[in-house]
Amino acid sequence: MRHRFVKVAAITLTVSAVSMSNILPNNNQSYVYAASQNEISSQVVNIGGKSTAFISDAHMLMQDQGNVLSFSVTYSNKNEREMNLIDYWMRVKNKNGKVFSVKISEQDKNKTYVASDTSVTITYYALVDKQTKINDFIFDVIKWDFDAVNYERTLGSIKYPAKGTDKVPATSSKNMIYDGTNVKASVKQAIVHKDQNNSYFTINLVLDNTGNKPVNLGKMKFFIQTENQLIYNVEAEDLSNVSLQPREKRIITLQSMVPIASTAKSFTLAVVTAEETSSIKIPIGLFTLPISNQMPSITFGKVNPLYLNGQIINTLVKEAQIYQDKGKKYVFVDFDVHNTGSENVKFPDLKFYIKDKSGKQYLMNFENESAELQIGEKKSLQLSAEITGDFDMNKSELVAQLKNSKNAYIPFGVYQLPKQATMTATPIGKNKELIINNSKVDTKVNESFVNKVENNSYLYTDFTFQNNSQETINLKDVSFTLQTKNGTSYPLTYSGEGIELLPGINNNVQLTGMLPNDLVLKDSELIIRIKQDNNKGFIVASYKLDEKNKQGSIGGNFTYGDYEVAVTSVERTYLEKSDMLVADILITNNSNGSKKIPSISGYFLVNGVKIQPKNMGTLQLDDVDILTSKASTNFVVYADIPYSTDIKQISFVVTEKSDSKDEKVLHQFSDTKTSTIIKREKNYTYSIENIGMKSEISIGKTAVYGDGKNDFFYAEIILTNKERRAVNLTDLGGYIQADGKAVIPIDINTFSEQVFPDGRVLLSAMARIPRNYYKEELDLYVGQRIHEKDDTSNNALIKSVAYKLKKEDIVQKQNELTEINYLNYDFSINNSFASFHVRDKSTSDFDFDGIELSLHYDLIENGAYENDFEKHKLIIELVDADKPYVRYSKVLSIDEFKVDTEFLESGEGKIKKIIFKDENAIFEVTHHKYMLNIYHEYDGNKFLLASKENVW
């Protein structure tokens with residue numbers, strides 16, 4: 001029993017990795033044999049029957065507890081019975097016979113037997129002194145034997161080869177025993193960069209699971225060891241959840257920083273597993289790292305692969321330029337990052353600086369909003385930095401760094417910069433690729449022109465963005481300036497600033513800005529900046545500009561693609577509360593096919609200043625949706641201005657609205673004054689030619705009447721439908737002005753029903769005017785009236801016509817009762833007789849109850865109209881000439897019977913008796929002379945048309 005106890009006590013130690021391993025055949029030699037003098041695994045010890053043992057690898061690593069030697073022994077059992085490992089042990093000594101205590105790794109402590117015809121690998125470790133080299137070690141294979149001296153029998157010894165090494169050459173791979181299986185490892189890439197203080201290592205380690213089961217890489221740790229046995233931490237990605245499947249390969253990126261003060265000349269990467277209880281780090285692979293005084297620089301334009309989270313990320317310096325701005329110099333670098341791996345990766349935390357020939361460093365600014373780099377995705381970073389005047393790009397390099405888990409930045413690439421140093425302006429019409437929000441965008445200046453107004457000029461530049469990425473790009477950080485050859489800058493704006501660029505979509509914007517009149521556009525450049533952090537933005541591109549003439553006089557035209565656009569006039573018309581500017585635009589399709597109607601609009605400049613009206617609108621006057629070949633359509637643009645505005649120069653800027661509702665400036669028309677409205681004779685017929693409301697306007701009666709207290713201007717306007725079908729005719733508006741006096745609006749009534757072809761309506765216009773408002777002439781302005789929504793108090797008057805009304809054109813009160821014009825009738829009273837009316841003529845009593853008026857008249861109709869005249873009344877009045885306050889009146893209704901009116905039949909030679917009931921008339925009337933008055937009452941206002949004195 002004691003015999004068994006001793007054997008058990010001797011092996012209850014700790015743990016490492018056990019796995020199937022390559023087994024050399026047993027040649028039945030009794031002691032040791034060697035297949036290769038420099039490989040320790042070539043020495044095999046026969047441990048009984050057909051069983052053997054050999055050391056597959058051995059490594060040394062310095063750590064806190066001291067120098068640790070680890071070695072893995074493979075036991076192969078070719079016997080028919082299982083082999084009990086409790087019977088075997090290993091002794092480690094140096095060439096001087098010094099013995100070191102050996103322990104079993106924790107992961108192997110439960111490995112107690114080897115089944116028949118299998119093999120098991122046990123990892124042992126020992127704390128050794130610093131003086132003993134790996135080649136000085138001798139490993140004795142011991143079998144416990146209580147019949148032998150010290151209860152042990154040495155079955156064989158394995159000496160580490162004199163010329164052997166535990167380090168894998170930089171270009172070779174090694175099978176490591178990890179977590180019970182074989183994992184082949186090799187250093188695929190090792191980059192070393194040095195500065196004044198440190199050496200920075202970026203190592204890409206390839207792991208290949210050559211075993212038969214998956215392994216979790218979470219227990220795998222890494223260190224760098226120098227030839228003088230200094231140990232430095234190595235940062236790796238989080239491997240706790242990384243599982244490596246059989247036959248799966250993965251690249252692990254490692255980073256480390258070694259102080260220059262270490263004076264090391266050679267470096268080894270140590271792959272270890274940690275003992276949980278003792279914290280001993282057991283090395284399972286040592287890999288020699290290449291020696292380089294400095295990281296080699298990457299040729300400009302050449303791809304440099306970066307291994308990130310096991311994926312290959314190609315990096316590339318695509319372009320670098322220098323630009324001067326207001327005495328300062330800036331360098332700009334386009335840096336591409338392309339995920340060519342098979343998995344998405346978290347976007348790396350990068351840092352860049354440029355180092356010039358003197359060693360001076362310039363930190364590069366850039367922005368990156370991407371959290372992840374998708375499979376196949378390519379991102380472009382725009383790097384920028386302010387540099388000194390003596391900076392030479394040809395002798396400078398870009399250093400790229402990657403942040404590790406300890407928040408330290410480790411260099412992974414040094415890139416040569418191109419010889420081309422100066423940023424060149426891109427010609428008009430040529431594409432320039434930019435990096436905006438890490439995405440590629442093609443940009444181009446299409447055309448540029450300047451419109452000059454008084455002492456200033458307005459720049460308009462058509463600029464195109466083409467988003468070539470798969471993501472929406474926001475332009476909120478993009479700004480534009482115009483820079484002259486002497487460095488003066490002028491800010492430019494564009495409609496819809498901060499717009500988003502959709503993937504694959506062209507966005508055309510128009511840049512605008514105010515410039516001095518003497519600026520020469522072709523000597524200036526368009527500058528694009530992209531704002532980063534809190535600065536005003538770094539210049540990323542410049543473009544050449546040239547000036548096109550896009551100005552003309554009001555009344556002119558210009559060609560826009562297949563269209564001809566004419567601004568025929570810019571009129572100033574009167575509103576009740578202000579004035580109105582109205583631009584009349586005619587668009588003609590000059591192509592041989594039908595075209596859609598462009599979204600033409602515009603705005604006004606008054607004395608060089610863009611007005612900001614309260615009411616502004618664009619109205620298409622023709623009822624058409626498309627333009628056939630050579631056809632035209634009419635638009636007006638209107639805007640109100642204060643009536644007190646003194647216009648010394650008027651401009652109308654023609655614009656077009658895009659799908660994004662941005663306005664593009666097309667042309668500018670200017671003059672020193674608004675268009676003159678030609679004054680016509682009263683008999684002039686004004687034609688409205690707009691499709692859908694073709695009509696004619698003619699002026700009927702115009703008159704000025706007084707009621708003793710007020711004067712009134714009254715006019716009748718005849719509106720005729722010239723369309724081929726019944727339509728609603730346009731509403732009319734207008735105003736009058738006499739001899740340069742105040743403008744007075746007139747109210748023209750409307751007719752809301754449809755009018756038949758060639759049908760007419762008679763409209764009435766009226767305005768209360770000051771006494772003695774006009775003397776010889778009066779100007780009447782009439783035009784189409786449009787309303788601002790439901791506001792009828794501030795109507796826009798467009799396409800006006802002016803009638804010059806002479807004194808003879810203006811009717812006043814007549815002193816005869818013949819040919820009195822009332823609406824569409826001429827009324828003549830040829831004779832009239834007034835007498836007292838007897839209530840009952842069959843009696844002899846003189847029972848008077850009023851006055852009887854007998855009329856002999858003609859009432860001739862002058863044409864038919866489709867509207868009625870409900871607001872109009874024809875009134876006859878009898879007034880005692882001696883007592884003017886004694887008055888009698890009646891409303892006359894023509895050809896219809898109405899309550900409280902006197903029926904008046906139209907025609908010639910008619911007689912009408914009218915009774916004015918008043919029982920006191922006999923006492924009130926002087927019975928001498930009387931005045932007979934004819935009134936036209938309209939909308940509650942009475943106008944005296946004619947008056948004549950008669951004798952009873």
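Author: A residue counts as buried under 20% relative accessible area, as exposed over 50%, and as partly exposed in between. The model discussed here is predicted.

Reader: Is Thr253 buried or exposed?

Author: Thr253 belongs to strand E22, residues 249-259. Its relative accessible area is 7%. The limit for buried is under 20%, so Thr253 is buried.

Reader: Which side chain does Thr253 join through a polar contact of 2.9 Å?

Author: Beyond the neighbours within four places in sequence, Thr253 is in contact with residues including Thr202, Ile203, Glu235, Tyr307 and Asn204. One of these contacts is polar and runs from side chain to side chain at 2.9 Å; the partner of Thr253 in it is Asn204.

Reader: How many aromatic pairs does a search of the whole structure find?

Author: A pair of aromatic rings is described by the distance of the centres and the angle of the planes. Searching the whole structure for aromatic pairs gives a total of 34.

Reader: Is the aromatic pair of Phe71 and Tyr124 stacked, tilted or edge-to-face?

Author: The ring centres of Phe71 and Tyr124 are 5.4 Å apart, with 20 degrees between the planes. Planes under 30 degrees apart count as stacked. The pair of Phe71 and Tyr124 is therefore stacked.

Reader: How many residues apart in sequence are the parts that Phe71 and Tyr124 tie together?

Author: Phe71 lies in strand E4, residues 66-77, and Tyr124 in strand E10, residues 118-128. Both residues are buried.

Reader: What kind of pair do the rings of Phe71 and Phe139 form?

Author: Their centres lie 4.9 Å apart, and their planes meet at 55 degrees. Stacked needs under 30 degrees and edge-to-face over 60, with the rest counted as tilted. The pair of Phe71 and Phe139 is therefore tilted.

Reader: In which strand does Phe139 lie?

Author: Phe139 is buried at 0% relative accessibility, and Phe71 is buried at 1%. Their pair links distant parts of the chain, 68 residues apart. Phe71 is in strand E4, while Phe139 is in strand E11.

Reader: Which residues do ring pairs link into a cluster with Phe71?

Author: Two ring partners of Phe71 have come up already: Tyr124 and Phe139. Ring pairs join Phe71 into a cluster with Trp89, Phe100, Tyr124, Phe137 and Phe139.

Reader: Which residue has its ring under the charged end of Lys942?

Author: A charge counts as sitting over a ring within 6 Å of the ring centre and within 35 degrees of the ring normal. Lys610 lies over the face of Tyr603, 4.0 Å from the ring centre. For Lys942, the charged end is 4.4 Å from the centre of the ring of Tyr935.

Reader: Where does His927 lie?

Author: His927 also has a positive phi, near 60 degrees, in a residue other than glycine. Its relative accessible area of 43% makes it partly exposed. His927 lies in the loop between helix H2 (921-924) and strand E75 (929-938).

Reader: Which residue in E24 stands opposite Val271?

Author: An open sheet of 5 strands runs in the order E13-E24-E23-E18-E19, with mixed pairing. Its edge strands, E13 and E19, each pair on one side only. E23 and E24 pair in the antiparallel sense over 8 bridges, and opposite Val271 stands Gly285.

Reader: How many residues are in the largest nonpolar core?

Author: Phe827, Ile851 and Leu853 are among the members that touch the most others in this core. Another core, of 35 residues, lies apart and includes Ile104 and Phe139. The number of residues in the largest nonpolar core is 42.

Reader: How far apart in space are Pro305 and Glu397, C-alpha to C-alpha?

Author: Pro305 is found in strand E26 and is partly exposed, at 26% relative accessibility. Pro305 and Glu397 are 92 residues apart in sequence; in space, C-alpha to C-alpha, they are apart by 18 Å.

Conventions
Residues are numbered from 1 along each chain as its sequence is written. This is a predicted model: local features need pLDDT of at least 70, side-chain atom pairs count only at pLDDT 80 or more; totals for chains, interfaces and linings use all residues. Side-chain values use heavy atoms; hydrogens and water are left out. Rings of Phe, Tyr and Trp (its six-membered ring) pair if their centres lie within 6.5 Å; planes under 30 degrees apart count as stacked, over 60 as edge-to-face and the rest as tilted. Helices (H or I, at least four residues) and strands (E, at least two) are DSSP runs, numbered from the N terminus. Buried means under 20% relative accessible area, exposed over 50%, partly exposed in between (1.4 Å probe, protein chains only). A polar contact is a pair of N or O atoms within 3.5 Å; within protein, one must be able to donate a hydrogen and the other to accept it, and residues adjacent in sequence count only if both atoms are side-chain atoms. Contact means heavy atoms within 4.5 Å. A nonpolar core is a set of buried Ala, Val, Leu, Ile, Met, Phe, Trp, Tyr and Cys residues joined through side-chain atoms within 4.5 Å. Two strands pair if DSSP finds at least two bridges between them.
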